[in-house]
Amino acid sequence: MIAPHLKKPPIYRVIIIQLLITVLAALVLWLHSTVVAYSALLGGLASLLPNAYLVSNAFAYSGARAAQKIARSFYKGEAGKLILTAIIFALVFIFVKPLNVFALFGIFIVVQMVNWFTAWIIKF
C-alpha cells in the first residue's frame, strides 16, 4: 500500500544520470573503436539495469504501516540486482565477441560510482 500523502524521493534521477553517463561514454569511445564503444555500453547497462530493478522494488511502498513490506522489497530488490548483474555479465561473456574487457568493467565501475552521490543527486 502506498501512502498518497508521502512524497517519494526522486531516486529516478540517479538512474537517468547513469543512463546519460553510459550513453555519453559509449559515444565518446566510439571515436576510438566500435568494439570499445559497445563494450562500454554493455558495461554501463550491466550496472544501470539492475539498479533500475532495485529502485523499482525498493520504493514500491512507503509509510510506517508498510515497514515490513518496505524491508522485504529492499531485500528482494538487492537480491534481484545481484542476480541480474551476474546474468548480464554471463550473457555478455558468452555471446559478445570481440569484447574489450577494460571498457566493459571500466564503465561498469564508473556507473556504479554514481551511487556514491545518490544523496546529493536526490537533494537537488
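**Exercise 1. Find which exposed residues sit on the face of H1 turned away from its buried side.**

Solution. The face of H1 turned away from the buried side carries Leu24 and Val28, both exposed. Buried means under 20% relative accessible area, exposed over 50%, and partly exposed in between (1.4 Å probe, protein chains only). Helices (H or I, at least four residues) and strands (E, at least two) are DSSP runs, numbered from the N terminus. This is a predicted model: local features need pLDDT of at least 70, side-chain atom pairs count only at pLDDT 80 or more, and totals for chains, interfaces and linings use all residues. Residues are numbered from 1 along each chain as its sequence is written, and side-chain values use heavy atoms, with hydrogens and water left out.

**Exercise 2. List the buried residues of H1 and say where they lie around the axis.**

Solution. Step one: the buried residues of H1 are Val14, Ile15, Gln18, Thr22, Ala25 and Ala26. Step two: they cover an arc of only 100° around the axis, so they are on the same side of H1. The arc is that of the directions from the helix axis to the C-beta atoms. Step three: an α-helix has 3.6 residues a turn, so residues three or four places apart point the same way. Step four: the buried residues of H1 pack against H2, helix H4 (101–113) and helix H5 (118–123).

**Exercise 3. Check the length of H1.**

Solution. H1 has 19 residues. The expected span is 1.5 Å times one less than the number of residues. That gives 27 Å for H1, and its end C-alpha atoms are 27 Å apart, which agrees.

**Exercise 4. Compare the exposure of Leu24 and Leu41.**

Solution. Leu24 is in helix H1. Its relative accessibility is 52%, so Leu24 counts as exposed. Leu41 lies in helix H2 (residues 34–58). Its relative accessible area is 32%, so Leu41 is partly exposed.

**Exercise 5. Describe the chain as a whole.**

Solution. The chain has five helices and zero strands. Of its 124 residues, 35% count as buried. Among contacts with a separation of 6 or more, residues 24 or more positions apart account for 73%.

How values were computed: Contact means heavy atoms within 4.5 Å.
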